[in-house]
Number of protein chains: 4
Amino acid sequence: MSRSYRLVIGCPDRVGIVAKVSNFLATYNGSITEANHHSDTDSNWFFMRHEICADSLPFDLEGLKTAFAPIANEFNMQWQITDSEAPKKVILMASKQAHCLVDLLHRWHSGDLHCEIPCVISNHNDLRSIVEWHGIPFFHVPVDKDNKAKSFARVMELITEHEADTIVLARYMQILPPEVCKQYAGKIINIHHSFLPSFIGAKPYHQAHQRGVKLIGATCHYVTEELDAGPIIEQDIVRISHRDTVADMVRLGKDCEKTALAHGLRYHLEDRVIIHDNKTVVFV
Amino acid sequence: MSRSYRLVIGCPDRVGIVAKVSNFLATYNGSITEANHHSDTDSNWFFMRHEICADSLPFDLEGLKTAFAPIANEFNMQWQITDSEAPKKVILMASKQAHCLVDLLHRWHSGDLHCEIPCVISNHNDLRSIVEWHGIPFFHVPVDKDNKAKSFARVMELITEHEADTIVLARYMQILPPEVCKQYAGKIINIHHSFLPSFIGAKPYHQAHQRGVKLIGATCHYVTEELDAGPIIEQDIVRISHRDTVADMVRLGKDCEKTALAHGLRYHLEDRVIIHDNKTVVFV
Amino acid sequence: MSRSYRLVIGCPDRVGIVAKVSNFLATYNGSITEANHHSDTDSNWFFMRHEICADSLPFDLEGLKTAFAPIANEFNMQWQITDSEAPKKVILMASKQAHCLVDLLHRWHSGDLHCEIPCVISNHNDLRSIVEWHGIPFFHVPVDKDNKAKSFARVMELITEHEADTIVLARYMQILPPEVCKQYAGKIINIHHSFLPSFIGAKPYHQAHQRGVKLIGATCHYVTEELDAGPIIEQDIVRISHRDTVADMVRLGKDCEKTALAHGLRYHLEDRVIIHDNKTVVFV
Amino acid sequence: MSRSYRLVIGCPDRVGIVAKVSNFLATYNGSITEANHHSDTDSNWFFMRHEICADSLPFDLEGLKTAFAPIANEFNMQWQITDSEAPKKVILMASKQAHCLVDLLHRWHSGDLHCEIPCVISNHNDLRSIVEWHGIPFFHVPVDKDNKAKSFARVMELITEHEADTIVLARYMQILPPEVCKQYAGKIINIHHSFLPSFIGAKPYHQAHQRGVKLIGATCHYVTEELDAGPIIEQDIVRISHRDTVADMVRLGKDCEKTALAHGLRYHLEDRVIIHDNKTVVFV
């Protein structure tokens, strides 16, 4: 895959945005390798993502930003331009369960997930060895009822120190403090082991078993201050039957959790997700 | 498909049930064409369904019941034996939306749904013509805020008169009175246009759009007194995206609703569903 | 849904196409409601579809075509502009099996399929009544081994007479003559009851049963002179098990066939499908 | 999960098999935790699997076999009884691609795959480190065009030495010699990266891209002497679009390959698969 710049835009919808942006790109001979638009008629908001071959433009990233800024101002855009060769820094947080963490580590290791993983943080020590096998530093930050403030201060310290721009809760099982959710809004990705909004909170597979559903699912979403209520990026489901115990559901659900999280994170890393009004536009 | 008897059993689990039942069948040279068992370890309850080639047994239906009754008593069974050539009498209830009703009528017409449909009842007249094309009587029973008691008395009269043993709410859009739900417990099948327990009640597609889910679904369930809370028979889902408006979701959801309802009803008609503790065992 | 013009383009890829087209639209104040692009790097071909609010432009359809033609010439475009309020004329062809035909008729009747259906042609008379109930003329054109030329001449006559621009083989079960396939290239849509390229030709469910597959499928594709080898528009699958006989597979496959055909046809009617090199780009 | 014996039977179908077997179990007070039957009417063959709580029977495994043998003889059964606490010995064979191997290793490591893995054999050295991290011996047996006989002799030696009863080709990319296929019939499980019988042989994703399919898949099957033609255990698919390059298909297909192989292997390990006439009965 050759180097590309990703121009991602959200702004009030009106005539001429596409023309202005594509003119700008054509003026500088920019070769567009992928383009997606969406107009949300409810909120009259316009969303756009361009992937442009970096070599085709006479700019470096900063130069491109500078050249584009006047257009962004004219249309009141929320916008960013990212460089496909400047991968995001993703801190993974996990607890005792390995499946989501190992799945992400493997995808990263095999080159299918383009990011840096500066470290893994866990409230337990169980997964240290597999993390370190991947050459990634592992930090054990225990969280007890009585030391939460101190623990999350340490977590924040690690996040800051490693300059993370994305945090993935790979079955972390702890609720982050509201101020962390706020500070990293749109940057913390969680995998919840139910088909939200069904079965919010603890033990969703037990809730699903109790209700007698015939499909179970998993939801990858951005974390907000309200539990399991943030913008949904991706969902997946698997069929179950009366034969399946809670233990079977836990096992079968793991595959859902892994794929929903891996897909959702991939979309995020490629700047394909735009949050608006607690919902997401996902350009795939 | 040759004629078969269906022996369906639920009882407290203990050693020897299968042996007793299969001995009974073997004693009379009964040829089993399908057999399913399930032990629910939570409730210590045992479920079993046999399909037996009718011609292989020296009994008619009543004779078989008489011969089997002592075994049923010995094991405290809830049981029934049905005859595949005595199809259930199914009253379909609809409102203005045609898709579920037409789908069921077509499956019945083409021989894929083995039942009798003595009549269709609707609170609107819109679907009269397509129902009558199928040679099925159509009864228009309007339901207004102020005449509900009278309307549902008329509905009950029609149900009784036509000796219905199953009632299907094919997007009927009215809530049946509690006493009807109670009287026909386990015999009224509804299709709800969401992936329950998400989005109970009115306008589930609007609720789904509001929440920004990435999959929508439909749920086929038995009706109980509590709204959208009865035992689930079947669920189906379809993937959506940010591009889909509520109108798109309504359209896409129709296919889910049709298949979930058609499958659920088929299982019911073939005596494959056993209700226990507000959940279902579905032997497919 | 308000009236829109659909501008669909395929041309050799180069810098500036999007800019030129979106400038053109912006110049005339055209409001884009949906836009899709695709660059195929293998063939260096560019695909684009715009949906533009008709009222926002100062043109009628012919005026728009005239104004756009110079741009089309400059970029060697294969292009068309269609009007969402000039629905395509679709002739449905069927045989004895009702499910696909009835499904399409119902979707059309309920307003979910935007087209005109000037007539239905069948080599059997079985489905006359349900077609005529929909107010659509039904033509019975028998096809015997010995009268094929004459039969298909009559079919062609009906197609011409009714000015059909799309022909749907809704389980028609006859192979069209090569000259018809050629003349209506990209306009004849077939539903094949297998997951192509598996099980080409006759009795695919028997072939699938023989091979012991665990999933069966259906394929909606454009008809070409080579049997079951034309560009694929849409595919769908359903899970089966060792319990399913060929008869079960036929029944279960019907739902796949219906949805694959309905979706594929919808994409075609909305000018979302572009054929290139025996493959399709489908903008959904 | 408590210890269980698994009694798996295939025999000519006739009245009285179930009665005989369940009587036998009831006589010894055996508690059946799961039972499955299937009658194949085409071949008049009967299939049955019982899972019996080991503690409820007065036998050890050999005792149970001895006690059951007369019944097996009477009905000409092909049969086996296995002990859930005597896990199969599974040799994994891989090449350079890690995804299937790592997925199986992780499932094994986390306790979701009940087997022993005495060693991994690969024709490349790339995956040694991750295998050894799991504490499993890794054997590098290079295979060149000119040394095949010698290489496979070494492979056979390792298989024999480690007393493997199952061999899994986790994207091994080499074709086993016919005599190995014959000797280990029903014991070698392969994952093929297409939806068989589509795209047999090399580079199936390239073939799929060339054909323009809209779904790609993976097939888990037993290896026979004929390439990619053995009994199918499990298949899975994923939706693709015109946007997906061969590289995208390779990436997306990996998830299909992993789940199809993991599910198929699990069924095999739990003795849920019975081969008959180049097809499988899978009791799940």
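How many salt bridges does the rule find across the interface of chain D and chain C? In this predicted model, the count at that interface is two. One of these is formed by D:Glu234 and C:Arg239, whose closest N and O atoms lie 3.1 Å apart. The contact draws on 34 residues of chain D and 34 residues of chain C, and the area buried between chain D and chain C comes to about 2900 Å², with carbon and sulfur atoms contributing 51% of it. Within chain D, the residues that lose the most area to chain C are D:Arg211, D:Lys214 and D:His242, which together account for 24% of what that side buries.

Polar contacts were counted for this interface as well, and 23 residue pairs in polar contact were found between chain D and chain C, both residues being at pLDDT 80 or more. On the side of chain D that touches chain C, the elements giving two or more residues are β2 (32-40), α7 (204-211), β11 (232-239) and β13 (279-282) of chain D. Of the contributions to this side, that of β11(D) is the most, at seven residues. Sorted by class, the side of chain D that touches chain C comprises 13 nonpolar, twelve polar and nine charged residues.

The interface of chain A and chain C was examined in the same terms. Here the contact takes 15 residues from chain A and 15 residues from chain C, and about 1200 Å² is buried between chain A and chain C, 59% of which is given by carbon and sulfur atoms. Across this interface the rule finds zero salt bridges, while two residue pairs, both at pLDDT 80 or more, are in polar contact. The elements that supply two or more residues to the side of chain A that touches chain C are α1 (17-27) and β2 (32-40) of chain A. The residues on that side of chain A divide by class into six nonpolar and nine polar, with no charged residues.

Attention then turned to helix α1 (residues 17-27) of chain D, in which D:Ile17, D:Val18, D:Ala19, D:Val21, D:Ser22, D:Phe24 and D:Leu25 are buried. The packing of these buried residues involves two chains: α1(D) meets α1 (17-27) and β2 (32-40) of chain B, together with β1 (4-12), β2, β3 (45-53) and α2 (61-74) of chain D. The helix α1(D) is followed by D:Asn29, which has a positive phi near 65°.

In chain B, helix α3 (residues 99-109) is mostly covered, since nine of its eleven residues are buried. The buried residues of α3(B) are B:His99, B:Cys100, B:Leu101, B:Val102, B:Asp103, B:Leu104, B:Leu105, B:His106 and B:Arg107. Just after α3(B), a positive phi of about 85° is taken by B:Gly111.

Apart from residues up to four places away in sequence, A:Cys11 touches A:Ile17, A:Asn44, A:Trp45, A:Phe46, A:Phe75, A:Asn76 and A:Met77.

A:Pro177 is found in the loop between β8 (166-169) and α6 (178-183) of chain A, and at a relative accessibility of 14% this residue also counts as buried.

Key. Residues are numbered from 1 along each chain as its sequence is written. Chains are lettered from A and ligands numbered from 1 in the order in which they are written. This is a predicted model: local features need pLDDT of at least 70, side-chain atom pairs count only at pLDDT 80 or more; totals for chains, interfaces and linings use all residues. Side-chain values use heavy atoms; hydrogens and water are left out. Contact means heavy atoms within 4.5 Å. Buried area is the accessible area (1.4 Å probe) that two parts lose on being put together, summed over both. A salt bridge is a side-chain nitrogen of Lys or Arg within 4 Å of a carboxyl oxygen of Asp or Glu. A polar contact is a pair of N or O atoms within 3.5 Å; within protein, one must be able to donate a hydrogen and the other to accept it, and residues adjacent in sequence count only if both atoms are side-chain atoms. Helices (H or I, at least four residues) and strands (E, at least two) are DSSP runs, numbered from the N terminus. Ala, Val, Leu, Ile, Met, Phe, Trp, Tyr, Cys and Pro count as nonpolar, Asp, Glu, Lys and Arg as charged, and the others, Gly among them, as polar. Buried means under 20% relative accessible area, exposed over 50%, partly exposed in between (1.4 Å probe, protein chains only).
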